Amino acid sequence: MSKPCSQLSSHDTDPQLVQKRLQQQAEAIKQTELEEAMRKLEQQDGLTDKQREIATAMASDIIQQIMAGPTSMLETTSRNNQEVAQTVALLFDLEDSLQHV
């Protein structure tokens, strides 16, 4: 369950930590979904190495495109202005996992 904005600690809203956790979360989602898609495709007709390479590159490109905006905002946010980091943490439900970064 998400914490209200007023209950997020300064650790939760450190832009660098939020960015790191966001990247970790995106990579984990990418890996999980890619493995599932590869498994399903292998069961149907099998995949060539080139097809695996294309699917992996596509998954990476999708994640990169989705992450571009939040990452750019976090990179330009100073530690003293934590509103952007706080918003990103709340939007992507990162606040509970930030303590593990």
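The buried residues of helix α2 are Ala55, Ala59, Ile63, Met67, Pro70, Thr71 and Leu74, where buried means under 20% relative accessible area, exposed over 50% and partly exposed in between (1.4 Å probe, protein chains only). They pack against α1 (15-44) and α3 (83-91). Helices here are DSSP runs of H or I with at least four residues, numbered from the N terminus.

This is a predicted model, in which local features need pLDDT of at least 70 and side-chain atom pairs count only at pLDDT 80 or more, while totals for chains, interfaces and linings use all residues. Residues are numbered from 1 along each chain as its sequence is written, and side-chain values use heavy atoms, without hydrogens and water.

Helix α2 comprises residues 49-76, 28 residues in all, and reaches 39 Å from its first C-alpha to its last. This is close to the 40 Å expected at 1.5 Å a residue, the expected span being 1.5 Å times one less than the number of residues. A kink of about 45° lies at Ala68, shortly before Pro70; the bend is the angle between axes fitted to the seven residues ending at a residue and the seven starting there.

The largest nonpolar core has 10 residues: Val18, Leu22, Ala26, Ile63, Met67, Leu74, Ala85, Val88, Ala89 and Leu94. Helices α1, α2 and α3 each supply at least two residues of this core. Such a core is a set of buried Ala, Val, Leu, Ile, Met, Phe, Trp, Tyr and Cys residues joined through side-chain atoms within 4.5 Å. Leaving aside neighbours within four places in sequence, Leu74 is in contact (heavy atoms within 4.5 Å) with Pro15, Val18, Gln19, Leu22, Val84, Ala85 and Val88.

The whole structure holds six salt bridges, each a side-chain nitrogen of Lys or Arg within 4 Å of a carboxyl oxygen of Asp or Glu.

Lys30 and Glu27 both lie in α1, three residues apart. Lys30 counts as buried because its relative accessibility is 10%, whereas Glu27, at 35%, is partly exposed. Lys40 and Glu36 are four residues apart in α1, and a network of salt bridges links Glu36, Arg39 and Lys40. Because Lys50 and Glu53 are three residues apart in α2, about one helical turn separates them. Lys50 is exposed, with a relative accessible area of 52%.
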